[in-house]
Amino acid sequence: MNDKVFSKPIKKQFEFDEEVAAVFDDMLQRSVPFYKESQRITEFFVLKYLSEDGLVYDLGCSTASLLLNIDRQLTCKAELIGLDNSEAMLERAKAKCHAFGADNISVENADILKYPYKQADVFISNYTLQFIRPLVREELVKKIADSLHVGGVFLFSEKVISHHSKLNKELIECYYDFKKEQGYSEYEIMQKREALENVLVPYSEEENIKMAKNCGFSHCEVIFRWANFATFIAIK
């Protein structure tokens, strides 16, 4: 189904409700530049670091598309757990997992800040940290680091900002040009920007790396970037 969520007046802040869940896969493809490519590199590193009988957590798993792609490529026995707090997203995730017979995947309605994580090989977070309030974002990343085996990885994608004001405006302009090429109108772009105001709070590339290192990761760097969208790997 095509994303038309912001083609009409929006009277509330952005949320992952039934209307968004119904078009979310299309929204991702058309709103996140090179989304498939960033997911492929994430899948590559998940499979590299996943051990026999290992565990992967996907925080903010939405409709479980990434976990399904990983499940199709598994060459070892592993447990894949998707966590999300949107019941509308989880209903679609469960339906997709059932349709593909993905027995390795379980999805749960959970608060990722409070969830009792088991020791894992890999954590994934695709455009999820940016929706966590800055005051508690670092607490979550520390909890992730504490729940990883030594040598485990945290793969996360985020929208990023530049602290150079002119460059930051140009990056946003470049992104809006991308969205127009995907068929979004000026009105839809403006509506979504206003709905996300104070809901999505991005960090710079440097701030994300510093946060990861402050929380217990020995190394963190960008493995994919297009303008103001970046995918990071943090190694414990």
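## Surface and burial

The chain exposes about 11,500 Å². Carbon and sulfur atoms supply 52% of that area. Accessible areas come from the Shrake-Rupley method with a 1.4 Å probe, and for residues only the protein chains shown count as cover. This is a predicted model, in which local features need pLDDT of at least 70, side-chain atom pairs count only at pLDDT 80 or more, and totals for chains, interfaces and linings use all residues. Residues are numbered from 1 along each chain as its sequence is written, and side-chain values use heavy atoms, with hydrogens and water left out.

Of the 236 residues in the chain, 52% are buried. Buried means under 20% relative accessible area, exposed means over 50%, and partly exposed lies in between (1.4 Å probe, protein chains only).

## Overall build

The chain has 8 helices and 8 strands. Both are DSSP runs numbered from the N terminus: helices are H or I with at least four residues, strands are E with at least two.

Contacts reach across the sequence. Take the contacts in the chain with a separation of 6 or more: 75% of them join residues 24 or more positions apart. A contact means heavy atoms within 4.5 Å.

## Helix 2 and its surroundings

Helix 2 packs against helix 3 at an angle of about 50 degrees, and their axes are 10 Å apart. That angle makes helix 2 oblique to helix 3. On the helix 2 side, the contact is made by Gln39, Thr42, Glu43, Val46 and Leu47. Helix 3 contributes Leu66, Asn69, Ile70 and Gln73. The crossing of these two helices is right-handed. Axes are lines fitted to C-alpha atoms, for helices over the stretch in contact, and angles run from 0 to 180 degrees between N-to-C directions. Angles under 35 degrees count as roughly parallel, over 145 as roughly antiparallel, 65 to 115 as roughly perpendicular, and the rest as oblique. A crossing is right-handed if the near helix is turned clockwise from the far one by less than a right angle, and left-handed if anticlockwise.

Lys48 also belongs to helix 2, which spans residues 35–49. Lys48 is exposed, at 58% relative accessible area. Lys48 and Val153 are 105 residues apart in sequence, yet their C-alpha atoms are 10.0 Å apart in space.

## Helix 5 against helix 8

Helix 5 and helix 8 pack with their axes 9 Å apart, at an angle of about 50 degrees. They are therefore oblique to each other. Arg137, Glu138 and Val141 of helix 5 meet Met211, Ala212 and Asn214 of helix 8 in this contact. Helix 5 passes helix 8 in a right-handed crossing.

## Salt bridges

The structure holds 5 salt bridges. A salt bridge is a side-chain nitrogen of Lys or Arg within 4 Å of a carboxyl oxygen of Asp or Glu. One of them joins Lys118 and Glu79, at 3.6 Å from N to O. Lys118 lies in the loop between strand 3 (105–109) and strand 4 (120–126), and Glu79 in strand 2 (residues 78–84), so the pair ties together parts that are 39 residues apart in sequence. Lys118 is partly exposed at 44% relative accessibility. Glu79 is partly exposed too, at 32%.

Arg225 and Glu205 form another, at 2.6 Å from N to O. Arg225 lies in strand 7 (residues 219–226) and Glu205 in helix 8 (residues 205–214), so this pair ties together parts 20 residues apart in sequence. Arg225 is partly exposed, with a relative accessible area of 36%. A further salt bridge links Asp146 with Lys142, whose closest N and O atoms are 3.1 Å apart. Both residues lie in helix 5 (residues 134–146), 4 residues apart, about one turn of the helix. Asp146 is partly exposed at 45% relative accessibility, and Lys142 is partly exposed at 43%.

## Positive phi angles

Most residues other than glycine have a negative phi. Ala64 has a positive phi of about 70 degrees, although it is not a glycine. Ala64 sits in the loop between strand 1 (54–59) and helix 3 (65–73). Ala64 is buried, at 0% relative accessible area.

Tyr127 is not a glycine either, and has a positive phi of about 55 degrees. Tyr127 is found in the loop between strand 4 and helix 5. Tyr127 counts as buried, at 11% relative accessibility.
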